[in-house]
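Here is a friendly tour of a model, written to be read with the coordinates open beside it. Please take a look at the structure first, and then follow along.

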Amino acid sequence: MTGMEFLPALVMVTGVVLVALATLYVSSLLRPSNPYPAKNMPYECGVDPAGEAAGGRFRVQFFLVAILFVVFDVEAMFLFPWAVVLKEIGLVGYVEMFVFIVLLLVGFAYAWLKGALEWES
Amino acid sequence: VTPEALLQSILASLPEIIVVTGACVLLIAGLFMGGRGLVAASLTIVAAATAASLALTGEVRPGYSGMFVVDGFASFFKVLFYLATALTLLLSRRYAEIERIAKVEYYVLLLFALAGMMIMASATDLLSIYVGLELMALSTYVLTGFVRQERRSNEAALKYVILGGVSTGIFLYGVSLIYGLTGTTQLDALAASLAGAAPRDPAFLLAVVFVVTGLVFKIGAVPFHMWVPDVYEGAPTTITAFMSVGPKAAGFAVVLRVFLNPLVAASDIWITVAVIAVVTMALGSFVALVQDNIKRLLAYSSIAHAGFALFGVVAGGIDGIASVMLYLLIYTFMNIGIFGAVVSMRNGDVSGEAIEDYAGFARSQRGLAFLMLLFLFSLAGIPPTAGFFAKFYVLVALVEQGFVALAVIAVLLSAVAAYFYIRIVMVMYMREPNGEFDPALTVPVRIALGVAAAGTIGIGLFPAWFLGLAQASVFAGH
């Protein structure tokens with residue numbers, strides 16, 4: 001059965017889960033448990049949490065920047081394998097990548113024109 | 001890939017390229033157009049794609065290394081999608097202004113959803129199906145939540161994106177399992193390896209169940225129907241009209257493409273489909289009986305119709321598939337028609353969503369009330385409207401394949417469904433009006449209603465010709 005070829009992957013997944021759970025369990029047995037409010041605070045180099053992010057609310061611009069980052073991140077990841085095999089896929093592959101980049105640029109131009117890159121609005 | 005093969009592929013996918021390019025240009029140009037001419041521009045793009053599609057019919061053109069094909073089957077569905085999109089655009093003109101959503105993104109996303117549906121209809125590989133599915137789904141998620149000021153719309157969009165994301169994830173997992181087991185994602189190659197493999201391989205069964213789950217979610221059949229009422233109620237009414245015909249038909253296109261394959265059709269999977277069909281139709285019909293909101297009612301009605309169309313998939317063969325295609329075409333006309341009436345009711349402070357709002361509607365608005373009567377009778381399947389023949393041909397296909405018991409169940413459940421459609425007619429014609437009616441019957445809405453009515457009556461008058469068209473499309477596909 002072809003499914004047997006994937007047995008190592010299954011063993012790997014099981015192993016990862018088991019190691020993670022075992023580590024957490026063993027350390028919970030060994031460590032002293034003594035929580036108090038100051039210990040439960042988010043760690044900010046020993047000072048009390050301050051600023052707008054401490055309340056759990058972020059400016060929406062961070063979200064936009066993150067989304068735009070993902071777009072270009074994926075593009076870069078896609079460019080690496082393309083560059084490696086460019087000689088084999090020839091002119092057609094070259095043109096196809098440009099189609100992809102033009103479509104991305106349309107999205108980028110749209111975001112720019114909409115003012116998604118302006119921090120103050 | 002040689003440049004010649006690429007040129008052939010580009011030619012085969014010309015309608016998709018037109019729609020995507022047009023949408024991209026509109027996205028940028030629309031920002032400078034100040035909200036004017038957007039409907040006209042979108043309609044032009046749809047018309048150009050229609051012309052390209054019609055020019056490409058008559059010949060089977062594969063493309064992109066067997067991931068894509070243009071055949072009669074795909075062309076039939078693409079024309080259906082153009083129709084649904086064009087009618088939605090016509091209905092949107094005034095409605096979008098009233099809801100203050102008449103932005104360029106609204107129209108661009110509709111066009112992207114159209115492109116996604118077209119790819120789904122032409123896809124012959126699980127991965128290209130996935131690309132089309134995602135393009136369509138992502139666009140409809142955003143369109144569902146387009147009325148940003150309204151909680152209901154936001155809630156619907158969030159529900160839709162989470163449930164849709166889960167279902168797509170399950171679909172992809174099924175695809176990865178299938179690739180692991182057979183080493184291919186192409187539908188034809190899959191069916192061939194299915195014939196060689198042991199049919200009761202549990203891993204393969206699991207993979208098929210996962211893939212089917214993703215598709216069943218899109219057509220809104222039980223047990224993956226829970227999102228339909230909430231999403232249909234919360235979305236802008238024009239988008240509800242679009243989603244109830246376009247993406248649903250696209251989901252069916254993929255299901256049928258899989259079932260076009262004789263090897264799949266010969267397997268025992270029809271038992272599963274038959275069970276899904278019966279439960280879907282029963283649930284849709286019975287739950288619709290107690291709805292007070294017309295959009296929710298039409299959502300359950302759309303679940304019931306999906307169940308009925310699935311009976312055609314059970315019947316299988318050329319006749320069964322053609323009957324489903326005709327069903328979807330007729331459903332497009334009548335459902336856009338009834339939603340067109342609901343859309344036009346949204347004017348001023350009137351939402352036109354409660355069924356009670358239509359009390360005594362026929363007194364002052366004779367024409368519109370009569371059109372609603374026509375569409376509702378068609379949805380209920382009363383002759384001589386097209387809705388009757390939609391159901392009739394599915395039943396004929398069922399009986400010819402020897403599924404008489406299923407045909408009887410289908411007829412009984414449609415009798416239940418007829419009740420809630422007739423109930424709206426009763427409210428319109430038999431009750432005293434509560435107040436004044438002022439439907440927003442602009443020229444585009446009139447045109448859309450006229451086209452929908454012409455389709456509903458026209459197919460009702462010449463059903464055999466349209467069935468022949470659907471059958472010819474299936475033949476041309478294989």
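Ser65(B) is exposed, with a relative accessible area of 59%; here buried means under 20% relative accessible area, exposed means over 50%, and partly exposed is in between (1.4 Å probe, protein chains only). Ser65(B) sits in the loop between β1 and β2 of chain B, where helices (H or I, at least four residues) and strands (E, at least two) are DSSP runs numbered from the N terminus. Its phi is near 50 degrees, a positive value in a residue other than glycine. Tyr64(B) also has a phi near 50 degrees, and its place is in the loop between β1 (61-63) and β2 (68-70) of chain B. At 29% relative accessibility, Tyr64(B) counts as partly exposed.

This is a predicted model, in which local features need pLDDT of at least 70 and side-chain atom pairs count only at pLDDT 80 or more, while totals for chains, interfaces and linings use all residues. Residues are numbered from 1 along each chain as its sequence is written, chains are lettered from A and ligands numbered from 1 in the order in which they are written, and side-chain values use heavy atoms, with hydrogens and water left out.

## Two cis peptide bonds

Most residues other than glycine have a negative phi, and most peptide bonds are trans. With that in mind, have a look at the bond from Val222(B) to Pro223(B), which is cis with omega near 5 degrees. Pro223(B) is found in the loop between α9 (202-219) and α10 of chain B. The peptide bond from Pro383(B) to Pro384(B) is cis too, with omega near 5 degrees, and Pro384(B) belongs to the loop between α17 (366-380) and α18 of chain B.

## Salt bridges within chain B

Searching the whole structure gives 17 salt bridges over all chains, a salt bridge being a side-chain nitrogen of Lys or Arg within 4 Å of a carboxyl oxygen of Asp or Glu. One of them joins Arg346(B) and Glu99(B), at 2.7 Å from N to O. Arg346(B) lies in the loop between α15 (317-345) and α16 (361-364) of chain B and Glu99(B) in the loop between α4 (72-98) and α5 (104-122) of chain B, so the pair ties together parts that are 247 residues apart in sequence. Both ends are buried: Arg346(B) at 17% relative accessibility and Glu99(B) at 13%.

Another bridge pairs Arg296(B) with Asp230(B), 3.2 Å from N to O. Because Arg296(B) is in helix α14 (residues 294-315) of chain B and Asp230(B) is in helix α10 (residues 227-234) of chain B, this pair ties together parts 66 residues apart in sequence. Asp230(B) is partly exposed, at 24% relative accessible area. Salt bridges that share partners join Arg296(B) and Asp230(B) into one network with others, including Glu150(B), Arg152(B) and Glu353(B).

## Helices side by side

The axes of helix α11 (residues 237-259) of chain B and α15(B) come within 9 Å and cross at roughly 175 degrees; axes are lines fitted to C-alpha atoms, for helices over the stretch in contact, and angles run from 0 to 180 degrees between N-to-C directions. That makes α11(B) roughly antiparallel to α15(B), a label for angles over 145 degrees. By class, the contact of α11(B) with α15(B) has 15 nonpolar, six polar and one charged residues; Ala, Val, Leu, Ile, Met, Phe, Trp, Tyr, Cys and Pro count as nonpolar, Asp, Glu, Lys and Arg as charged, and the others, Gly among them, as polar.

Helix α18 (residues 386-400) of chain B and helix α19 (residues 404-430) of chain B pack at about 160 degrees, with their axes 9 Å apart. α18(B) and α19(B) are therefore roughly antiparallel to each other. Their contact has seven nonpolar, one polar and one charged residues.

## Where the chains meet

Chain B and chain A bury about 1,100 Å² between them, 79% of it on carbon and sulfur atoms; buried area is the accessible area (1.4 Å probe) that two parts lose on being put together, summed over both. The contact takes 15 residues from chain B and twelve residues from chain A. In chain B, Leu6(B), Ile28(B) and Leu31(B) lose the most area to chain A, together 33% of what that side buries. The rule finds one salt bridge across the interface of chain B and chain A. Glu105(B) and Lys114(A) form a salt bridge, at 3.1 Å from N to O.

Technical notes. Parallel < 35°, antiparallel > 145°, perpendicular 65-115°, else oblique. Contact = heavy atoms within 4.5 Å.
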